[in-house]
Each structure stands twice: as C-alpha cells, then as structure tokens.
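Please keep the sequence and the coordinates at hand while reading.

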Amino acid sequence: KLQGWNEFGFLVNEIELEGSVLVLPRSYLLWAPKTYDEVTVDSLKLVALIEPSIEILLIGTGEVSRPPNPEVVEYFRQHGVVVEQMNTLSSLSTFNILNEEERRVAAALLHPSADWDEEE
C-alpha cells in the first residue's frame, strides 16, 4: 500500500523509499527517472514483462499533471496496458483504490520534487 510521501521519497508498506518508485500489486522498486523528461518507454519496459500482466499503468508526473507521451501510450497499448497519467498524489490514491479492488495495476511515480525549483 502506498501510504504517502515526504520531501525525500515515498512510504510503501511502512518502508521509506528515497526518490521515484515503481509500485506493483505485490512489490515495489526504486525507479531511476527524476524528471518528467526521463519517463520513457525504456524506463517503463519492465511493466510490460510482468506476469500476470498489468492492465493499468498509472504514471504520476510530479506535482503537475502533464499530457501523456504518445510513444509510451502506444508501446503499452500494443502490450494491452492502459496508461493513465496524472499528478503523483492522484496516482498514489488511484493505485491504492485499484489495488484494493485486486486490479492488475502498476504505478510509476515521480517524486513531487521533480517540479520544485532548485531555490525552494
């Protein structure tokens, strides 16, 4: 379960993870992208390899919601995965709801600091 985030990372199943994360129905990983421009097909390919297959991929884009990368959407469409993109807080909540319903969902979450200016 995604329990929230702080200035350093996310709280997943009572464990603090620093930075961005990739959360799956029964596991979680640190995820390399730090900014929205780093969210690419290559950074997400693992999701398409998971069995049983993921049906919904939520991409949390930081504090600000951004339009989906067409290349990412098309890649996952070809693998039978629906991509939903929204700000990270909304993605966190949506993941918990869908996971509770036992849907095959994954969430790739950029830390909200991806949108913070260096001076803040």
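## Secondary structure and overall form

The chain contains three helices and eight strands. The model is a predicted one, and in it the elements follow one another from the N terminus in the order β-β-β-β-β-α-β-α-β-α-β.

The radius of gyration of the chain is 13 Å, which agrees with the value near 14 Å that a compact globule of 120 residues would have. Taken along the principal axes, the box filled by the C-alpha atoms is roughly 40 × 30 × 20 Å. Of the contacts between residues at least 6 apart in sequence, 65% join residues that are at least 24 apart.

## Surface and charge

Of the 120 residues, 43% count as buried. The accessible surface of the chain amounts to about 6900 Å², and carbon and sulfur atoms account for 50% of that area.

The side chains include 8 that are positive and 21 that are negative, and the centres of these two sets are 10 Å apart.

In soluble globular proteins, nonpolar side chains tend to be buried together. In this chain the largest nonpolar core has 21 residues, and the members that touch the most others are Trp31, Val39, Leu44, Val47, Leu57, Ile59 and Phe76. Two or more residues of this core come from each of helix H1 (41–49), strand S6 (56–60), helix H2 (70–78) and strand S8 (105–109). Helix H1 provides the largest share, with four residues. Apart from this core lies another one of 15 residues, which includes Phe10, Val12, Val23 and Leu92.

Which residues does Asn96 contact, once its neighbours within four places in sequence are left aside? Asn96 belongs to helix H3, which spans residues 88–100, and its contacts of this kind are with Lys1 and Leu2. Asn96 counts as buried because its relative accessibility is 17%, where the cut-off for a buried residue is under 20%.

## Backbone features

Most residues other than glycine have a negative phi, and most peptide bonds are trans. The peptide bond that joins Glu51 and Pro52 is cis, with omega at about -10 degrees, and Pro52 is located in the loop between H1 and S6.

Glu14, although not a glycine, has a positive phi of about 70 degrees. This residue is placed in the loop between strand S2 (9–12) and strand S3 (15–18), and with a relative accessible area of 64% Glu14 is exposed, the cut-off for that class being over 50%. Glu102, likewise a residue other than glycine, has a positive phi near 60 degrees. Glu102 is found in the loop between H3 and S8, and its relative accessibility of 72% means that Glu102 also counts as exposed.

Conventions
Residues numbered from 1 in each chain as written. Predicted model: local features only at pLDDT ≥ 70, side-chain atom pairs only at ≥ 80, totals over all residues. Heavy atoms only, no water. Rg over C-alpha atoms; globule rule 2.2 N^0.38 Å. Buried < 20%, exposed > 50% of the residue type's maximum accessible area, 1.4 Å probe, protein only. Contact = heavy atoms within 4.5 Å. Areas by Shrake-Rupley, 256 points an atom, 1.4 Å probe, with all protein chains shown as cover. Lys, Arg positive; Asp, Glu negative; His and termini not counted. Charge placed at Lys NZ, Arg CZ, Asp CG, Glu CD. Core = buried A, V, L, I, M, F, W, Y, C linked by side-chain atoms within 4.5 Å.
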